[in-house]
Amino acid sequence: MTQALDVRDVHASRGPHEVLRGVTIDVAPGEICALMGTSGAGKTTVLRAIAALGPFDSGSIVVDGFALTPGHVPPESKLRVLRRSVGMVFQSQSLFEHLTSIENVTLALVHALGWTPEHANAEAMVLLTTLGVAARASAYPRQLSGGEAQRVAIARALAPDPTLLLLDEPTSALDPARRGSLGEVLRALAAEGHALLISTHDVDFAEAFADRVAILAQGVVVEEGSPREVLSESTHADTRALLRSSSAEPSS
Amino acid sequence: MEADPADPSRVRGFDVEIASTIARGLHRDPVFVQVAWSSIEASVERGDFSVGMSGVEDRPELRERHAVSIPYFEFREVLAVRFADSVRYRTLADLSGKRVATLGGTGAYQLLLDLQPRAGPIPISYDDDVHPYADLVAGRVDAVLLDNIIAERSLRRSGGFYIQPLPAATGHYVAVLAARDTTLRDSVNVILRARMRDGSLEKSFRAWNVWDSTQTLYFARMLADSGRVRAAGAAASVRSVRAYLPALLRAAGITLILSCLAMALAVLAGIAVAAGRVYGSAIVRVPLAVYVELIRGTPVLLQLFVLYYGLSGFVRLPAFAAAVLGLGLNYAAYESEIYRAALQAIPRSQLEAGRTLGLSEAQILRLVRAPQALRLALAPMTNDFVALLKDSSLVSVITVVELTKQTAIYATNLGSWVVPGMLCAVIYLAMSLPLSRLARRLEKKWRTA
């Protein structure tokens with residue numbers, strides 16, 4: 001089966017500091033992969049390299065058949081195909097503050113994909129309904145709760161129907177009940193055939209909803225497997241350290 | 001009167017000699033206090049000095065408000081034109097609809113203003129007596145109407161024009177004193193008359209090359225007039241608010257149009273500069289940064305002078321265009337800093353979200369960054385526009401008569417700043433308050449958004 005995402009031996013540095021030292025990871029369509037690690041392990045750097053927001057020095061990244069080259073991030077005009085296949089949900093608030101929820105979702109459909117506003121609105125309402133925030137369609141981002149904003153951001157990233165969805169710490173702003181319902185939403189997306197790569201240090205969330213877990217430590221994937229294998233039975237020192245820090249501070 | 005070329009801190013001229021003569025007659029040492037020519041009357045009334053002299057022209061309003069000496073010199077208002085026009089433009093009647101320069105607040109200016117409604121020339125007012133002739137030679141005006149003393153001095157100094165021999169009018173120089181100083185004024189008159197009689201005034205005038213046959217006739221007439229001070233102008237009417245209001249409103253229109261055009265230019269140029277500084281490469285960024293610092297670091301008055309007079313050798317901008325350009329380019333520097341800060345205040349994550357959604361950089365700017373930046377920039381922009389409305393008064397230095405200049409003319413003629421000042425303030429507020437209100441309403445609307 002062809003992978004939705006194939007990352008091989010990727011190295012990346014920020015200034016003089018080498019953040020990634022040979023990361024290899026893949027995600028299949030319909031699969032949820034949790035990329036786990038302590039803060040500063042390089043999870044966000046991996047996601048940014050895949051979304052062509054940050055550069056990487058060597059190795060290869062192939063998304064749905066589109067190969068990114070090491071070095072500077074190419075200009076947007078050369079990333080059209082990639083932009084169609086990758087959606088990203090950012091950790092920090094990234095909704096467009098001057099637009100309502102539904103306008104956030106339809107903006108790219110109308111202006112990047114050339115849909116009619118009517119078509120885009122209908123599609124956006126379907127997504128907002130699926131995510132349980134249809135009632136907040138005409139609210140502005142500052143009027144939304146953290147959980148609502150998170151769902152609108154997911155709806156926005158899903159609107160162009162990407163093959164691969166990247167989520168950076170999606171549970172950090174949510175209370176436990178909301179995490180559960182977010183997890184169910186993500187499972188439904190995977191069931192539709194989307195590939196999901198989620199960076200998180202939320203062990204409970206990964207255990208409950210991920211198909212596969214990859215532990216990132218010191219810039220490499222040190223362990224990979226099913227949540228049960230990795231999170232319950234691992235004897236790897238870095239994984240044990242992650243589990244200890246996670247139980248000490250469930251969210252940060 | 002002028003600065004002594006050998007020692008610019010000293011003044012010289014026949015006015016200085018006559019002032020010294022008066023001081024000697026009063027057994028005092030003369031102390032010279034320099035003020036702007038247009039402020040001589042207000043300053044003498046304030047008590048900054050006792051006797052004001054320097055080509056102060058006798059006119060009815062002056063006598064109504066101040067103590068005024070007997071005229072000590074008769075001058076002629078003469079027309080200066082370019083050599084090529086010496087046959088075409090002989091008198092003011094030949095200059096219908098043409099631009100005629102003069103000093104603001106003088107009898108010559110009043111004469112031009114009085115003629116204007118009757119298909120006369122277009123008066124262009126200056127704040128100094130050098131630039132009218134420079135602009136005549138440069139072709140910006142078609143003639144200069146000023147007294148023969150100034151005209152002949154300019155002809156000696158720089159030349160390049162022709163003085164028509166037929167005077168347009170005659171006038172007199174007087175010494176002006178505070179209204180309460182009538183006793184001192186009478187002493188000054190006694191001294192002046194005595195010096196006319198004994199020929200020492202004639203000697204001073206001859207030394208400065210301003211004595212001619214008309215002066216001989218005038219002195220004879222003056223001395224025969226047996227010492228009675230003319231009660232000229234007692235019947236002269238104080239011009240009413242109603243008479244000046246149309247001129248003030250017209251000037252307010254100039255202020256408003258000028259400010260709107262300058263602001264439009266400032267916004268467009270400011271956006272271009274800000275975009276260049278945020279998105280451009282170093283080759284673009286460095287010159288733009290230099291532009292902003294240069295403009296912000298130097299007075300706008302200097303920039304206006306350079307634009308209008310300094311560049312007149314290369315481009316001869318009309319005064320209004322120079323005013324729009326000068327104010328617009330000056331404010332563009334400030335606007336660009338507002339837009340730059342506003343653009344940079346939009347979180348990076350929003351811009352990156354736009355990229356991952358497949359929007360082009362131009363679309364992100366147009367659909368995401370600029371609309372939000374505009375909201376942040378609105379309050380400081382309104383502030384700047386109100387400031388620009390008031391700063392537009394500076395363009396009177398390049399001969400544009402706008403609201404403040406018109407008010408000054410009004411106040412000079414009326415001899416009081418109280419009513420003109422209040423009218424002027426009311427008009428400025430009427431222009432700026434609705435603007436602030438509109439901005440507040442927009443801000444409020446966007447805050448809930």
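The paragraphs below begin with conventions and then turn to chain A.

This is a predicted model, in which local features need pLDDT of at least 70 and side-chain atom pairs count only at pLDDT 80 or more, whereas totals for chains, interfaces and linings use all residues. Residues are numbered from 1 along each chain as its sequence is written, while chains are lettered from A and ligands numbered from 1 in the order in which they are written.

Along the principal axes, the C-alpha atoms of chain A occupy a box of roughly 55 × 40 × 35 Å. Of the 252 residues in chain A, 46% are buried (20 or more other C-beta atoms, placed from the backbone, lie within 10 Å of the residue's own). Two residues are in contact if their C-beta atoms, placed from the backbone, lie within 7 Å. Among contacts in chain A between residues at least 6 apart in sequence, 63% join residues at least 24 apart.

Chain A contains 9 helices and 10 strands, which are DSSP runs numbered from the N terminus (helices: H or I, at least four residues; strands: E, at least two). Strands pair if DSSP finds at least two bridges between them. Strand E1(A), residues 5-14, pairs over 8 bridges with strand E2(A), residues 17-27, in the antiparallel sense. In this pairing Ala12(A) stands opposite Leu20(A). The two strands form a hairpin with 2 residues between them, and Gly15(A) in the turn has a positive phi of about 65 degrees. E1(A) also runs antiparallel to strand E4(A), residues 58-63, to which 5 bridges join it; here Val7(A) stands opposite Ile61(A).

The largest nonpolar core has 86 residues, and Leu35(A), Ile50(A) and Leu166(A) are among those with the most contacts inside it. Such a core is a set of buried Ala, Val, Leu, Ile, Met, Phe, Trp, Tyr and Cys residues joined through C-beta atoms within 7 Å. Helix H5(A), residues 146-158, gives the most to this core, with 7 residues.

Between the chains, the contact takes 22 residues from chain A and 18 residues from chain B. On the side of chain B that touches chain A, helix H15(B) gives the most, with 7 residues.

Note on methods:
A residue is buried if 20 or more other C-beta atoms lie within 10 Å of its own, exposed if 12 or fewer, and partly exposed in between; C-beta atoms are placed from the backbone.
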